[in-house]
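Have a look at the sequence and the model first, then read on.

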Amino acid sequence: TAPGYAPSLRSRLPLVAFLLETIFILLFVFFVKIEQPEQIDREYDSKLFISSYAEFQDIHVMIFMGFGFLATFLLRYGFSGSGFNVLLAAMAIQWAVLMNGFLLPQRHHKREIHISMKSMIEAELCAASALVAMGAVHGKTNPVQYKFIFKISHILISSIMLLHVFGALFGVMVSWVLYREGIEPVHEKEKTDRKTGLFAMFGTLFLWMFWPSFNSAMVRDHKWERGLKLTVIYGTYLSLAVSVVMAMSVSMLTSAKGKMNMVHLQSSTLSGGVAIGVAMTAVHTPWIAMTIGFCASLLSALGFCYMKNHMLFAFECHDTCSVLNVHAVPGILGWFALLFLRLASDESTIAVQFAVYHICVLLITACMSLVMGTATGPTTLIHIWRPQQDRKCFDDQAFWEVKGFVHLHHFKYVTTP
């Protein structure tokens, strides 16, 4: 019989956290420096700094408040959803600064990694990819396993497509390997209520509001590309606006009682931002951005209604946050939109070259995510990581003090009746 309580992580989590942070600090001591004014390009000015810092703030809010609140939708997993999101994002950003610095030639000078506003934004985008992957295994893994997964799932973010498609497919494959019969068809604790749904909607609103900055962060802020950055911002906003309308409409149409489902709105309203982010460099007219948002939200909402359950029964893959419908499907839709728009606008020779390159990027991204996710899954099942028991999935009690409240003045734990 299963023990009454979940295995304690006291001998695992603090040790792993201390070890990783010690390694990070030592690497930062010897390799990481802050970019000095004399090392900055001559075109750097106060306006550019203000613009970059504003983007950094927007993405920072998305990573920690947007994804953090969105992860609280489960009834008994609010502490873990928000807490583990902060833990994973904080570790992933440090890891991304180091990995981007070591692997990208433009990030290191004379064996030193120079931190700039751009490098911090790129690190947070890498953290976003790890959080997307985390959504597929949400509630079924412990924080030690999360730390192992984020180190493997790190990629060099050179496009928005890599962020969404890689993160979603990687997480889905890890979830497929970690599949357990105890959560089929629906785990008794995998449910939401009004309070958790409202908090999750706060996260959706933070993400929805700042998504234009998220997409435009990859566009360079030079004078000759400033017009493109504004086009991306406008297109993202219009695509997101259409996604909201479509998500509500499809949710009501697919409901047996003719009512809207808050879970559909919490994620499908963001699908337009995902899709337009992939195709943003080729979208120059408002109606195309709105059409992409329309199609992305339609596919995402329908996927929430039908695809998630079919994935569970047909492939034994339990995708908790349905990242396949929120990130992978809209991301691939944006990939097709970018391909068609470039083929229609470029000359035949250039169009063919772009098509070959574009197809290869998608195939390599998909293959890497599937292979790495499949390989990562078994390593997280090792007993040393203390995997969760089936009946302790989606439950804060396995990791947090939840049976009472902590008195803030006397630091005494009080049990509620």
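Buried means under 20% relative accessible area, exposed over 50%, and partly exposed in between (1.4 Å probe, protein chains only).

Before going further: this is a predicted model, so local features need pLDDT of at least 70 and side-chain atom pairs count only at pLDDT 80 or more, while totals for chains, interfaces and linings use all residues. Residues are numbered from 1 along each chain as its sequence is written, and side-chain values use heavy atoms, leaving out hydrogens and water.

| Pair | Angle | Axes apart |
|---|---|---|
| α3 (residues 78-103) and α4 (residues 117-136) | about 135° | 8 Å |
| α1 (residues 13-31) and α3 | about 40° | 11 Å |

That angle makes α3 oblique to α4, and α1 and α3 are oblique to each other too. (Under 35 degrees counts as roughly parallel, over 145 as roughly antiparallel, 65 to 115 as roughly perpendicular, and the rest as oblique.) The α3 and α4 crossing is right-handed, whereas the α1 and α3 crossing is left-handed.

Who touches whom? In the α1 and α3 contact (heavy atoms within 4.5 Å), α1 brings Leu20, Glu21, Phe24, Leu27, Phe28 and Phe31, and α3 brings Met91, Gln94, Trp95, Val97, Leu98 and Phe102. Those residues split into 10 nonpolar, one polar and one charged. Between α3 and α4, the α3 residues include Gly81, Phe84 and Leu88, and the α4 residues include Met120, Glu122 and Leu131. That contact divides into 14 nonpolar, three polar and two charged.

## A look at Thr231

Thr231 sits in helix α8 (residues 226-254). Is Thr231 buried or partly exposed? Thr231 is partly exposed, with a relative accessible area of 25%. Leaving aside residues up to four places away in sequence, Thr231 touches Val283 and His284. Thr231 and Met280 are 49 residues apart in sequence but 8.3 Å apart in space, C-alpha to C-alpha.

Notes: Axes fitted to C-alpha atoms, helices over the stretch in contact; angles between N-to-C directions. Helix = DSSP H or I, 4+ residues; strand = E, 2+ residues; numbered from the N terminus. Left-handed = near helix turned anticlockwise from the far one by under 90°. Nonpolar A, V, L, I, M, F, W, Y, C, P; charged D, E, K, R; others polar.
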